[in-house]
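Hi,

Here is the structure I promised to pass on. Have a look at it first, and my notes follow below.

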Amino acid sequence: MTPQQGNVTPYTTPTHTPIIRHYSSASKLNTRVHAFYTKNIYKTEHCQPCGKRIKFGKVALKCRDCRATCHPECRESVPLPCVPTANTPTAKGQLSIIADYTPRVPPMVPALVVHCTNEVENRGLSEVGIYRIPGAEKDVKELKERFLRGKGLPNLSQVDVHVICGALKDFMRSLKEPLVTHLLWKDFTSAAEKSEAQDSTAALYQAISELPQPNRDTLAWVITHLQRVAECPECKMPISNLAKVFGPTLVGYSVAEPDPSTMVMETRQQQQVMEKLLEISSDYWSTFINVTDENIYSGVQQPTPDNGGSLLGGLPSVNTRRRSLLSRTPLQARDTPKTRYHFRK
């Protein structure tokens with residue numbers, strides 16, 4: 001379906017940042033807005049913020065980057081940040097690595113991870129046993145698939161928070177390889193087992209620096225999120241509990257298909273690594289997810305005969321690359337802002 005031009009009076013994407021919750025100073029990431037264009041609807045589509053069906057022949061807005069679709073009047077309710085859609089594998093039953101789901105620009109964190117963690121922080125930090133209590137399995141699978149279809153963002157405001165937690169964990173479990181790669185698994189476990197705390201931390205910094213950037217960025221995002229969960233006494237989920245829940249999914253085992261004896265032996269090690277990662281300063285992890293470039297989008301690409309539509313917001317040029325602190329890994333903790341995206345419904 002080709003979007004039509006000239007159907008509505010053009011307007012610019014709002015420069016303010018709706019439905020974002022700030023803990024301190026504004027992050028430069030707040031400028032990652034949606035690149036909306038207009039399109040006429042000729043098949044069944046729903047507005048993602050309000051959930052209502054967009055009528056046949058009516059004009060809607062679609063984000064060229066994350067593919068979110070909405071009524072023109074609902075544009076300010078589309079969740080931010082805009083996380084560009086990756087070329088998600090579509091083969092049924094195909095196992096993929098984290099890089100298959102991340103944007104090509106930093107921070108390289110999948111949309112599912114960004115939006116689920118922020119929704120948990122918005123509504124779940126007073127839930128006892130968050131991440132330990134399972135959500136309904138059918139709803140968990142359905143929510144995960146809605147994200148991975150790459151057709152925009154599901155409306156999470158009415159979804160049970162335990163289902164959201166379950167979708168995040170199920171996504172991590174379904175990866176071909178954990179965020180801590182098999183190649184580096186022994187580096188992480190040997191670092192965590194060092195008796196001197198300073199030596200252990202330095203070795204972990206080195207191991208983290210060798211991770212592929214999508215793995216490193218996503219790990220940094222999830223760790224800072226879990227640190228916030230651990231800090232909330234209402235959740236009753238200290239670091240030790242979170243390490244048991246997320247050790248198998250984030251750290252995993254040394255091989256893809258461990259035998260039972262290997263699983264028994266390595267379970268303690270993965271939990272130990274997870275605890276050590278959660279104890280690393282959030283300032284250190286923030287260096288991977290806080291973009292520092294003044295201009296996140298340095299250019300605007302105009303609509304072409306191939307993509308059609310009237311562009312209603314900034315769009316990154318194909319060759320634009322975001323400069324950030326993520327271009328290098330610090331080997332020691334640094335003083336950086338602790339701010340990042342949080343949603344307000």
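Before the details, one term: I call a residue buried when its relative accessible area is under 20%, exposed when over 50%, and partly exposed in between, with a 1.4 Å probe and protein chains only. A word on the source, too: this is a predicted model, so I took local features only at pLDDT of at least 70 and side-chain atom pairs only at pLDDT 80 or more, while totals for chains, interfaces and linings use all residues. Numbering runs from 1 along each chain as its sequence is written, and side-chain values use heavy atoms, without hydrogens and water.

Now the charged pairs. The structure holds eight salt bridges, meaning a side-chain nitrogen of Lys or Arg within 4 Å of a carboxyl oxygen of Asp or Glu. One of them pairs Arg228 with Glu121, with 3.5 Å between the closest N and O atoms. Arg228 sits in helix H6 (residues 213-230) and Glu121 in helix H1 (residues 111-123), so this bridge ties together parts 107 residues apart in sequence. (Helices, H or I of at least four residues, and strands, E of at least two, are DSSP runs numbered from the N terminus.) Arg228 counts as buried because its relative accessibility is 16%, and Glu121 does so at 3%.

Then there is Asp170, which has two partners worth a look. Lys144 bridges to Asp170, the closest N and O atoms being 2.9 Å apart. That pair links distant parts of the chain, from Lys144 in helix H2 (residues 137-148) to Asp170 in helix H3 (residues 161-173), 26 residues apart. Asp170 also bridges to Arg173, here with 3.7 Å between the closest N and O atoms. Both of these lie in H3, three residues apart, or about one turn of the helix. Asp170 is buried at 7% relative accessibility, whereas Arg173 is exposed at 51%. Through shared partners, salt bridges join Lys141, Lys144, Asp170 and Arg173 into one network.

Last, helix H5 (residues 197-209). Which residues of H5 are buried? They are Ser200, Leu204, Tyr205, Ala207 and Ile208. These cover an arc of only 165 degrees around the axis, so they sit on the same side of H5; the arc is taken from the directions from the helix axis to the C-beta atoms. What covers them includes helix H4 (185-192), H6, helix H8 (260-279) and helix H9 (282-286), with contact meaning heavy atoms within 4.5 Å.

Cheers
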